[in-house]
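Please keep the coordinates open while reading.

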Amino acid sequence: SDKKSQSKPAGTQRLAGRLALVTGATRGIGRAISLAYAREGAHLILVGRTAGALEDVDDEIRELGAEATLLTLDLRKADKIDALGPTLYQRWDRLDVLVGNAGVLGPLSPLGHISADAWAEVIDINLSATFRLLRTLDPLLRRSPAGRAIFVSSGAATSRQAYWGPYAASKAALEALVGCYANEVANTNVRANIVNPGPIRTRMRAKAFPGEDAAALRAPEDITETFIHLAEAACSDNGRIFDLKTGVVR
């Protein structure tokens, strides 16, 4: 079948003409968001660690009749994140949508057994990279007529489960950080929100719950609607957390 028929006519595309950067874009939730945004007319900046995996998603986006720019970036490389804002400014002058999706699970172990290196990696990727992304891209989001920042959290941020220390702490801190940013931009054209996807059929979920029946979980493609809504210029939500498991917004 002609795959281009899957993309919508321009008149019905909700993100037409919007420039959206997605981290962790090569698989799972990030890939699903990227493809959903492409169908809605956005130009994607795909961020991932490996060029080959980025090219695979790019192929899928091209089949939809959309375009993407590929950015190979390891979120542990602080200086590379810091260079993002100036680089994007030179090319596009603005950024309309930032989706901070990339994350690592880290060790599920008693705190006494967790190495300093393992702790640092989880905090660097899940939290410090979020700070650096916001810091370098905030000026570009403010230059958009409707800048939108969306970050992916987890139920671990509030559940306080044993053995989940690094991941839970990183996500709780991420929610606080993005909440502070949302209050800072409340009187601007920028809006910042958080999505807690709940249990989704991803590689990270399988690593955390190896005995679970993955077929019983929702697929990443099933939750993209919330991410589209939060990326739209018309979206007025700010500083909110969307829990997709319970349907509660707080």
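**From the sheet to the core**

Ala-20 stands opposite Val-97 in strand 4, where strands (E, at least two residues) and helices (H or I, at least four) are DSSP runs numbered from the N terminus. The model is a predicted one, in which local features need pLDDT of at least 70 and side-chain atom pairs count only at pLDDT 80 or more, whereas totals for chains, interfaces and linings use all residues. Residues are numbered from 1 along each chain as its sequence is written, and side-chain values use heavy atoms, with hydrogens and water left out.

Leu-21 likewise faces a residue of strand 4, namely Leu-98. Strand 1 and strand 4 run parallel and are joined by three bridges; two strands count as paired if DSSP finds at least two bridges between them. On to strand 5, strand 4 is joined by four bridges, again in parallel, and Val-99 has Ile-150 of strand 5 as its bridge partner. Strands of a sheet pair through backbone hydrogen bonds, either parallel or antiparallel.

These pairings belong to an open sheet of seven strands in the order 3-2-1-4-5-6-7, with parallel pairing. Strand 3 (68-72) and strand 7 stand at the edges with a single partner strand each, so one side of each lacks a neighbour in the sheet. From one strand to the next, the twist averages 15°, with axes taken as lines fitted to C-alpha atoms (for helices over the stretch in contact) and angles running from 0 to 180 degrees between N-to-C directions.

Which way do the residues of strand 4 point? Val-97 and Val-99 point one way and Leu-98 and Gly-100 the other, and all are buried, that is, under 20% relative accessible area, with exposed meaning over 50% and partly exposed in between (1.4 Å probe, protein chains only).

Helix 9 lies across strand 4, strand 5, strand 6 and strand 7, at about 150° to strand 5. Six of its eight residues are buried, so helix 9 is largely enclosed by the rest of the structure. The buried residues are Thr-224, Thr-226, Phe-227, Ile-228, Leu-230 and Ala-231. Their cover includes helix 1, strand 4, strand 5, strand 6 (191-196) and strand 7.

A nonpolar core is a set of buried Ala, Val, Leu, Ile, Met, Phe, Trp, Tyr and Cys residues joined through side-chain atoms within 4.5 Å. The largest has 33 residues, of which Tyr-37, Leu-44, Leu-46, Ile-61, Val-99, Ile-150 and Phe-227 touch the most other members. Among the elements that each supply at least two residues of this core are strand 2 (43-48), helix 2 (51-63) and helix 9 (224-231). Helix 1 gives the most, with six residues. A second, separate core of 28 residues includes Ile-45, Leu-134, Phe-151 and Ile-194.

Ala-233 is partly exposed, its relative accessible area being 44%. Leaving aside neighbours within four places in sequence, Ala-233 is in contact (heavy atoms within 4.5 Å) with Arg-18, Ala-146 and Arg-148. Pro-145 is 88 residues from Ala-233 in sequence, yet the two lie 7.8 Å apart in space, C-alpha to C-alpha.
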